[in-house]
Amino acid sequence: MSQHLLLLLVILAISPIPGAFQDSALSPTQEEPEDLDCGRPEPSARIVGGSDSQPGTWPWQVSLHHGGGHICGGSLIAPSWVLSAAHCFVTNGTLEPAAEWSAVLGVHSQDGPLDGAHVRAVAAILVPDNYSSVERGADVALLRLASPARLGPSVRPVCLPRASHRFAHGTACWATGWGDVQEEDPLPLPWVLQEVELRLLGEAACQCLYSRPGPFNLTFQLLPGMLCAGYPEGRRDTCQGDSGGPLVCEEGGRWFQAGITSFGFGCGRRNRPGVFTAVAPYEAWIREQVSGSDPGPAFPTQPPEAQSGLPEPMNENCTIALPECGKTRRPGAWPWEAQVMVPGSRPCYGALVSESWVLAPASCFPGHISSDRQPSDLDYWRVQLPSRPRAEQVARLVPHENASWDDASNLALLQLRAPVNLSAAPRPVCLPHPEHYFLPGSRCRLARWGRGEPAPGASSLLEAELLSAWWCHCLYGRQGASVPPPGEPPQALCPAYQEEEEEGSCWNYSHWSLLCREEGTWFLAGIRDFPSDCLRPRVFYPLQTHGPWISHVTRGAYLEDQLAWDWGPEGEETEAKTCPPHTENGACGLRPEPALMGVLWPWLAEVHVAGERVCAGILVAPGWVLAATHCVLRPGSTTVPYIEVYLGRGGASPLPQSHQVSRLVISIRLPRHLGLRPPLALLELSSRVEPSPSALPICLHPGGTPLGASCWVLGWKDPQDRVPVAAAVSILTPRLCHCLYQGLLPPGTLCVLYAEGQEDRCEVTSAPPLLCQTEGGSWVLVGMAVRGSRELFAATGPEEAWISQTVGEAPFLPPSGFPHWLTEGSDLCPPDMARASGSPRAALFLLLLTPLIQG
Ligand code: 4AZ
């Protein structure tokens, strides 16, 4: 449907067509000889939510064919005239040649021999001058047939209303057509003409509905000459392919055509009734076009009893329908939870999606996933729904066609023998349309799904917030794939839990569905996680891509429009983004560019030592923080102090509520070196920290220092507030560094030069880290500040072996793809360097002036 809506919007830009429209000089009250009987089907005897019509019920219904197939509907108004919609015949502002069209009359089922039907070539197509696009109105067309239709029991004209004819608000009328039975779901064989009863909505009632944001957050201004019919709650409607067909109302034993199916926002959606071209205002135009043809259309006077129809009620003209799905009194007590019981296996959990259908993982029914036959013991299958005294019987199992090989399609639908009455419980869950965009920060929870183990403790009630597509994809997604921009179906949905992982609990083998809430309404957003050790599920397959399959099978699952639209800054992104590469040990060093939610350094840790001092640490693996030795150990002291580490503090988190993590340090590891020990300490945390946007390991790199990378010293401006700040620096070549410090530095020391004015940004005592961003976009730890210095850093690259062995899963990037300096041989330094060494900038200047002699 999104394509369709797009089309509607595109058509808006099209200019008017030169042609047929001229103001009629005919008076609306002028009488025609009433020689043509109209609007009376032979006494006897989709449209969304409709049903098969009986042959001969709607004898004026015409099927308009183009390129060999049905494209639009129409109505016979005189032997040689068919009324239809302009948009069926106008493409890119141009009227299509009449010769390409044909009218099929008296057809009931479009499959097989068209018994009793006959075809007429179209001689001319007439469209009002002022038609430009459906949304600007005048969506009406007249087709002159090359030869008159043969009138008979299945081919008769409908009556047309005069300009003065009034159809009252609330009148029950009928729409007919061979259009889609739901959005993107064509009428199935044998293509029997569908009929649906629709109620006329007065202008105010309809405008009120369309003034509220609907799909795509759109509103719409009704224009004169448009008419609405349908229901605030949706579910019965016209759809693509019904266009041009009639909306007819019976008055005094005759059927009058009140409207021409024109457009709508989607089909059968809540608060989005179908929009029709009102026929009465076009009396003069129609008369004008058909003048001279005999017999012409009939415009019988409106029967007097019908004229006194109800005026549109003033107080009731704004009845807005609320969602009928996805409501619960209390999160966790899910009124759609369905327990499926199959003889010989443990119960399996799914969700009620309509009066008659339950959605569950196909893996609940292993023997039946890829079989077309119904299970032989289906009579013994039962479904227990909340507040139902007895379990329901099952009529049919429909596995998803890809269920056996695609985990994202591990779905099956179960039809109940008898529909259940929907109330507070059972109540179906809402399902998202494919274009649904669950906003980052959406509140979500888990619900039981499939045959997994129950959750440890009360954990299933945990509240979670959805990560943005970038974070979800870059933390857990496939490598190398780009992140889908907002509005495109996501590849994964990731909840970030608001509470910390429970110690010692294990979520092994438990399967969950992800429910997300919008405006108090719960959607089934995702299914099945990737089992990740004992951890809570973090990645879900989006359900939205399956919406069309579910509605196709169930014909009435509750697909609900997106209800929350505050996209925030992310909504402005339209370009696809890519993620930095992962390491063998997972994602590291991720930071969205540009940082959307303010500055964010998810690897920056506050290391609180013995309640005395706080210094910077860097998360280098899920359970390890690297800090400067002098910060955690006092010289001469032999006791390990009490150390707490905080992550996810300071800076703005992409989660609306900052997600803070704290851990105790249970051991301190120092590098084992024969000579001078680099002043680096690895702090072992009391438990792992799950990677998230607020606590994520930085990447490490084995050798050298980066060439041409942008590097930063990260610290706090103020030791009290500890708001992270980053100062831009250049890392000096080893020779410059050596000369500047007269060779006094221990091996593996890096010197930096601060960019103009950046020098005083970080607080010195906090032992800030030195980071660089690689060309691939990952952030890499390069060194930790040497005690008491702003410019000197102990390089981490040379300590790869020690870090890898101690930490186990250190995120070292592969050496390639990260250009770096090799160790330089020359020790030659200009003689004046020593004098200038108090000022690195002056020293550097001197050094650059000196011609270099390389060996
Ligand atoms: C169409 O595309 C169309 N739900 C017709 C009617 C409606 C939507 C689309 C109204 O022809």
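Student: Which strands do the buried residues of helix 9 pack against?
Tutor: A word on ground rules first: this is a predicted model, in which local features need pLDDT of at least 70 and side-chain atom pairs count only at pLDDT 80 or more, while totals for chains, interfaces and linings use all residues. Residues are numbered from 1 along each chain as its sequence is written, and side-chain values use heavy atoms, with hydrogens and water left out. Helices (H or I, at least four residues) and strands (E, at least two) are DSSP runs numbered from the N terminus, and contact means heavy atoms within 4.5 Å. With that in place, the buried residues of helix 9 pack against strand 33, strand 34 (624–628), strand 36 (661–669), strand 37 (680–685) and strand 38 (699–700).

Student: What arc do the buried residues of helix 9 fall within, seen down its axis?
Tutor: Buried means under 20% relative accessible area, exposed over 50%, and partly exposed in between (1.4 Å probe, protein chains only). In helix 9 (residues 800–807), the buried residues are Trp802, Ile803, Thr806 and Val807. They line one face of the helix, because the directions from the helix axis to their C-beta atoms fall within an arc of 105°.

Student: At about what angle does helix 9 run to strand 37?
Tutor: Axes here are lines fitted to C-alpha atoms, for helices over the stretch in contact, and angles run from 0 to 180 degrees between N-to-C directions. Helix 9 lies across strand 33, strand 34, strand 36 and strand 37, and to strand 37 the angle is about 10°.

Student: In what order do the six strands close into a barrel?
Tutor: Strands of a sheet pair through backbone hydrogen bonds, either parallel or antiparallel. Two strands count as paired if DSSP finds at least two bridges between them; strand 36 and strand 37, for instance, pair in the antiparallel sense over four bridges. The pairing is antiparallel, and the order is 32-33-34-37-36-35.

Student: Which residue in strand 37 is the bridge partner of Ser667?
Tutor: Look at the antiparallel pair formed by strand 36 and strand 37. There, the partner of Ser667 is Glu684.

Student: Is the disulfide of Cys615 and Cys631 left-handed or right-handed?
Tutor: A disulfide is a pair of cysteine sulfur atoms within 2.5 Å, and these two are joined with S to S at 1.4 Å. Cys615 sits in strand 33 (residues 613–621) and Cys631 in helix 7 (residues 629–632), so the pair, 16 residues apart, links distant parts of the chain. Cys615 is buried at a relative accessible area of 1%, and Cys631 at 3%. With -75° about the S-S bond, the link is left-handed.

Student: Why is the disulfide of Cys38 and Cys159 right-handed?
Tutor: Cys38 and Cys159 are joined with S to S at 2.0 Å, and both are buried. The link is right-handed because the torsion about its S-S bond is about 100°.

Student: How many disulfides does the rule give?
Tutor: Another of them joins Cys72 to Cys88, with S to S at 2.0 Å. Its torsion is about -90°, so that disulfide is left-handed. By the cut-off on sulfur atoms, the count comes to 15 disulfides.

Student: Which residues have the most contacts inside the largest nonpolar core?
Tutor: A nonpolar core is a set of buried Ala, Val, Leu, Ile, Met, Phe, Trp, Tyr and Cys residues joined through side-chain atoms within 4.5 Å. A second, separate core of 63 residues includes Val539, Leu626, Cys631 and Trp779. The largest has 65 residues, and those with the most contacts inside it are Leu76, Leu83, Leu142 and Ile286.

Student: Which residue in strand 43 stands opposite Leu771?
Tutor: Five of the five residues of strand 42 (residues 769–773) are buried, so this strand is largely enclosed by the rest of the structure. Strand 39 (residues 710–716) pairs with strand 42 in the antiparallel sense over four bridges, and there Trp712 has Leu771 as its bridge partner. Five bridges join strand 42 to strand 43 (residues 779–785), also antiparallel. In strand 43, the residue opposite Leu771 is Leu781.
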